[in-house]
Amino acid sequence: MNFRHAAGALCCCAALGCRGAASYDSPSSRLERGISFVESDEASRLHPISNPDLESRVVSRVPKNWPIDINSSVKLRVQRSQLAGTEQSEQWLGTIEELAETWGTFTPIIEDLQTYVEFLPEVHEAYLRSQAEGVSSLAHDTFLEKRRRLAGIEGRVTDALLGAGLSEDEMTLIEESAGDFSGLLLHLERANDRHRALTAEIGYKLRLEAFLLSSGSDPEALHLAGYDTLAEGRLQPLDRWGIRLQGKDLERFKEMNAEARRIADAGNRYLDGKADAEEAFRLLSDSTLEPIFTLAADVTALAREFEFEALARRSQRSDAALKVLSESLQAASTELTEQSLASFLEAIASLEDELMRSFETKLGLPQLLIDVQQVRVMIANLRFDDVPEILLLVDNLVERTKGIAKSGDRFSADARERSMVAFDALVADIEDETTARLTALWNNSNAQIEFNGWVALADRVKGVGDRGEEILEQFQRGSTSLPLVPAEFPLPSVIDVALIDAPDAEVDLQRSGRRDGDTLRVRATLVDSDTASAPYTRDFAVTWLGWHARLDPSVILAKPTSGLQGEADFRFSTAVSWLWAYDPRPDEDEWYHEAMRFTDLAIGPHASLLPFNPDKDVEVGLGVTVSLWNGVLQGGVGFNLMAGGDVYVFVGSSLISLVQAVGNELPRSSANSVTPGR
Amino acid sequence: MTEIDQDRAELDQALADQDNTLLILTGDEQSNAQAIHDKAEGMNLFPWRRVFILREVSVLSSTERELWGDSDERFASWSCSARSVGRKGPAADLLRRNGAPSILRIRGSFAAAEKL
């Protein structure tokens with residue numbers, strides 16, 4: 001592999017294997033400030049998202065592409081004061097909201113104070129009786145008992161108020177009322193009532209929705225207690241150590257293994273000379289890359305028409321046809337002025353020139369042809385390690401055709417319109433009878449045929465571009481494009497909750513049919529009686545975080561290095577590796593965390609089926625695999641157990657990561673799947 | 001006034017009434033303890049809650065000093081029936097962050113003793 005190929009392969013591997021980095025913005029809207037997120041992992045350990053300080057409910061960062069563990073849940077903390085926009089209103093409202101945020105609800109302290117105020121006269125009375133009857137009386141014991149109960153309530157209230165972390169201004173308001181708990185109670189009740197009234201007046205309700213988005217599947221609506229009537233979902237914990245595969249995962253694993261075997265066989269046919277490179281590559285790529293090679297053939301055929309000689313011939317033909325048309329038009333009508341005729345011919349000629357220049361420059365055809373040629377050369381001289389670079393080139397090629405589609409479309413429509421305008425200008429001041437004669441001349445002229453030929457060429461370029469766009473979508477469907485959550489939601493099961501009563505919520509991923517690489521989307525909307533605000537949407541990348549392992553079927557190119565088979569060359573084969581990896585959380589930012597993020601390093605034992613001895617049906621190898629970029633690139637060493645422990649080495653690639661990258665995932669279904677328009 | 005210089009008769013009388021809960025402070029007239037004392041007295045909470053400030057800890061017995069503190073600027077809440085300290089510490093513990101006496105902390109100290 002030369003340097004260019006190596007660099008291309010490296011970039012491609014990184015692009016295919018690396019995940020997008022998590023980052024965050026500062027909150028700017030009410031909804032961004034009003035919903036804070038905390039992740040709770042499967043061991044119920046909390047991990048901050050919206051604020052580095054777990055204790056704080058203030059949103060200081062709005063997550064972007066934030067990864068969460070596949071077995072975790074996400075807590076949505078609702079901050080009603082921020083959502084209601086009452087944070088700037090009078091201090092008491094702010095205070096009561098702070099208290100409510102801290103304790104979850106303000107009701108307990110009001111209830112305590114009510115009990116206290118009601119009970120206080122009884123304690124007073126008991127005190128007077130105790131004073132009258134003396135220390136050894138029953139009245140004294142009764143007084144102490146009642147006083148103890150009163151002190152218990154008082155202690156709870158004071159501890160709660162002191163522990164609420166209120167600002168000095170808020171504490172001053174509390175302190176000024178705290179000498180008399182009756183007064184404090186009145187203040188709190190009044191503030192509570194006013195807050196409720198204000199909220200009711202504002203009339204806002206909160207709508208919270210959560211969806212699991214998987215490529216190739218409909219969105220799955222997830223249950224948020226208090227915000228919908230969806231089923232809670234069956235508990236489906238995923239095995240962190242990747243051993244206990246069940247259901248669709250097991251099915252997928254088996255299919256991947258079978259696919260690996262098929263690809264290895266195709267590779268070996270090529271190595272044995274039983275198939276040429278392109279045939280082998282087609283076998284390897286199956287139908288996934290087939291449309292791209294058809295597209296490349298179309299572009300190549302189209303490009304032949306844009307070679308210098310072909311363009312020069314077409315141009316000469318057009319010039320001659322225009323000259324004939326000019327003479328015909330002049331002979332047909334004395335009403336045509338020399339100037340108007342010249343303007344018309346110039347307009348048509350300039351359109352042709354413009355089209356040619358567009359193909360040469362604006363449309364980037366030269367680079368497109370270079371890309372196509374490069375892909376074809378690489379296919380003709382296929383090397384396994386060129387595959388990542390081919391994928392990268394194809395990606396570029398299709399992107400370029402998308403540009404052509406747009407330019408071609410614009411030109412095509414534009415040219416037709418401008419030719420009509422030019423012709424209308426030519427015949428504008430001419431009598432109807434003459435106009436009809438001239439129109440017939442134009443319609444039957446070679447010039448018109450030539451002009452339409454140029455426009456048709458533009459249409460063909462556009463067609464190639466359109467097909468490229470389709471292929472790109474098909475090509476990327478498995479990895480990047482997510483299903484759309486219809487904007488006209490909510491689901492029938494969604495409940496809009498009055499802000500004053502809006503509780504915190506939690507999305508439990510363990511009760512969804514999620515897989516690594518899916519996206520959790522949370523959508524919050526403020527709704528009043530007539531309108532809904534623009535929804536606030538946050539996406540979280542569902543993945544494995546921390547230590548985890550997976551069974552990874554891969555295609556390998558193996559070679560023995562010692563023993564009787566030491567002379568054998570590289571052969572395609574299959575291996576299954578049990579790969580251990582550590583994926584750091586976003587807040588883990590040591591250098592080695594960054595290194596792990598960039599490389600997606602994983603290491604583990606493997607078992608392989610080796611093809612070195614043609615006399616044996618099965619040769620089993622055992623060894624160690626090192627995997628980079630989520631398995632896109634693998635290497636390893638092992639012992640051939642059927643050949644006296646001969647050592648072999650291999651390079652390979654995980655099928656799962658490749659399949660995820662080029663798209664071809666198995667479809668899934670779920671209980672709460674959502675079809676647009678439902 | 002419940003300021004005790006040398007004569008502790010009033011303190012002894014309060015201690016003898018088992019219905020009482022006392023907040024005992026030590027400090028001079030310029031001290032935080034004095035501000036706390038004044039605030040607590042101004043609250044005029046319940047007749048069984050009494051507040052004393054001692055100018056000299058020498059008026060206390062050695063046992064009392066051990067129980068309530070043997071230096072200036074201290075406080076202790078005392079249940080006369082349980083004969084136990086509810087809460088004690090430096091007087092600054094009964095202040096707010098802005099240095100003013102805290103009604104909540106004073107009430108909390110009384111309540112701690114009364115829960116015994």
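Guide: A salt bridge is a side-chain nitrogen of Lys or Arg within 4 Å of a carboxyl oxygen of Asp or Glu. The model discussed here is predicted.

Visitor: How many salt bridges does the rule find across the interface of chain A and chain B?

Guide: R107(B) pairs with E154(A), their closest N and O atoms lying 2.6 Å apart. That distance is within the 4 Å cut-off, so the pair qualifies. Across the interface of chain A and chain B, the number of salt bridges found is 2.

Visitor: Which element gives the most residues to the side of chain A that touches chain B?

Guide: Between the two chains, 14 residue pairs are in polar contact, both residues being at pLDDT 80 or more. On the chain A side, the elements that give two or more residues are α5 (107–133), α6 (138–162) and α7 (168–178). The greatest contribution, 13 residues, comes from α6(A).

Visitor: What area do chain A and chain B bury between them?

Guide: The contact involves 32 residues of chain A and 27 residues of chain B. In chain A, R147(A), E168(A) and E175(A) lose the most area to chain B, together 25% of what that side buries. Carbon and sulfur atoms carry 52% of the buried total, which is about 2,500 Å².

Visitor: Is G638(A) buried or exposed?

Guide: G638(A) belongs to strand β17 (residues 633–640) of chain A. Beyond its neighbours within four places in sequence, G638(A) is in contact with L622(A), G623(A), D646(A), V647(A) and Y648(A). Its relative accessible area is 3%, and because the cut-off is under 20%, G638(A) is classed as buried.

Technical notes:
Residues numbered from 1 in each chain as written. Chains lettered and ligands numbered in written order. Predicted model: local features only at pLDDT ≥ 70, side-chain atom pairs only at ≥ 80, totals over all residues. Heavy atoms only, no water. Helix = DSSP H or I, 4+ residues; strand = E, 2+ residues; numbered from the N terminus. Buried < 20%, exposed > 50% of the residue type's maximum accessible area, 1.4 Å probe, protein only. Contact = heavy atoms within 4.5 Å. Buried area = accessible area lost by both parts, 1.4 Å probe. Polar contact = N/O pair within 3.5 Å; in protein donor to acceptor, adjacent residues only side chain to side chain.
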